Amino acid sequence: MTSPFTAYMAEAYPIVCKGKLHVGTLMGGVPSDPKVAKAWIETKVTADDDQIRAMVAETMIERGVTKDEAVDIVNDLRNLVGFKRDGKGLYIEGRQLKAAMKEAISVAVAAGKLRQRSWGETKKFITSYFPEHVFVQETRLHLFADEACTTHVVEPSGIEQRFVHSRYGAAISYSEYVTEPYIPFTVVTDHLFTEKEWAMIWLTGQQNGLGASRSQGYGTYDVVAWDVEIDKKWLAKKKKSED
C-alpha cells in the first residue's frame, strides 16, 4: 500500500545509501523446522559419525528404548537454528543489519573513532541519535550467491554441529550456515554523515560481524559497494541555511 505522504519522502529522508556486503560465513540464528533436525540426526546415525551414534546408543541403554525412540529423545534435546525462507530463498531480516550497525556505533564510540556527544539539533549521544535517524529499508535481506546478486541462495552451505553437556544430559547444538553470501541493502537517513564517519561505522562493523555466533568469529564481512545519493533540493536548502 502506498502512503499518501510518499511525495515528501525525499524531504523527510533525503539521503539514500545503496550498499552490499560480502560475508565470509554467515550463521543462521532463528529456530528451524524440527523435522530438519530429526532428519539430520537420522542420517548421522547411519553414517560414519561416531559422536552422534554414541549419543543415540547411550540414550538407548540409559532409557531402555529402541533406536528410533532414542533418535526422538536426542532430537528433543536439540538446539537447531537456521535461516528464514520464502519463495526466493534464504534471508535475514533488515532489523538484524540495523542492530549490527548500532553495535558497531557503540564499539566505535568506545574506541574514540566517533564523537559521542552533540549529534543533531538536540545535541544527543550518537547511540541514541543513530537509531532514530538511520533506517534499513528492506524487511527481508536476501542472500545471493554472486556479486551481481542475480542468483538467490536457496539452501544453506552446511550445518555446523556442536555437542553440549549440561546437568540435563548431552545435547546437540547445530546451526545452518552460508559461505560467501552477498547481501544488498538500502539505508535512508536525514543526517549528512561524512565519508569518514560512515567509514568508521562500517570498518568497525566489518570486524564485529553480522548474524549469529559472532563471538566465535563468524559473520565478518567486507562492504563491497556503498553509493550515497543526496536529494539536490534538500542539499541546496541545507547549504543556504548554513551560509
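Which strand do eight bridges join to S1, and do the two run parallel or antiparallel?

Mentor: The model is a predicted one, and the account below should be read accordingly. The strand in question is S11, residues 182-189, which is joined to S1 by eight bridges and runs antiparallel to S1. Within this pairing, Lys 18 stands opposite Thr 186 of S11. S1 also pairs with S12, residues 221-230: nine bridges join these two strands, and they too run antiparallel. Here Gly 19 has Trp 226 of S12 as its bridge partner.

S1 itself spans residues 15-23, and because seven of its nine residues are buried, the strand is largely enclosed by the rest of the structure.

In soluble globular proteins, nonpolar side chains tend to be buried together. The largest nonpolar core in the model has 36 residues, and those touching the most other members are Leu 21, Leu 97, Met 101, Ile 183, Trp 198 and Leu 210. At least two residues of this core come from each of S1, S6 (90-93), H5 (94-110), H6 (126-133), S7 (134-136), S11 and H7 (195-208). H5 provides the largest share, namely six residues. Leu 210 illustrates how these parts meet: leaving aside residues up to four places away in sequence, its contacts include Leu 21, Ile 92, Leu 97, Ile 183 and Tyr 221.

S6 is joined antiparallel to S5 (residues 84-85) by two bridges, with Lys 84 as the bridge partner of Tyr 91. These two strands form a hairpin with four residues between them, and Gly 89 in the turn has a positive phi of about 155 degrees. Three bridges also join S6 to S8, again antiparallel, and in that pairing Tyr 91 stands opposite His 142.

The loop between S8 (140-142) and S9 (158-166) holds Asp 146. Asp 146 is buried but has no salt bridge, and the nearest side chain of opposite charge, that of Lys 20, is 8.3 Å away. The side chain of Asp 146 does make a polar contact of 2.5 Å with that of Thr 150. Residues up to four places away in sequence aside, Asp 146 touches Thr 151 and Tyr 182.

Conventions. Residues are numbered from 1 along each chain as its sequence is written. This is a predicted model: local features need pLDDT of at least 70, side-chain atom pairs count only at pLDDT 80 or more; totals for chains, interfaces and linings use all residues. Side-chain values use heavy atoms; hydrogens and water are left out. Buried means under 20% relative accessible area, exposed over 50%, partly exposed in between (1.4 Å probe, protein chains only). Two strands pair if DSSP finds at least two bridges between them. A nonpolar core is a set of buried Ala, Val, Leu, Ile, Met, Phe, Trp, Tyr and Cys residues joined through side-chain atoms within 4.5 Å. Contact means heavy atoms within 4.5 Å. Lys and Arg count as positive and Asp and Glu as negative; His and the chain ends are not counted. A salt bridge is a side-chain nitrogen of Lys or Arg within 4 Å of a carboxyl oxygen of Asp or Glu. A polar contact is a pair of N or O atoms within 3.5 Å; within protein, one must be able to donate a hydrogen and the other to accept it, and residues adjacent in sequence count only if both atoms are side-chain atoms.
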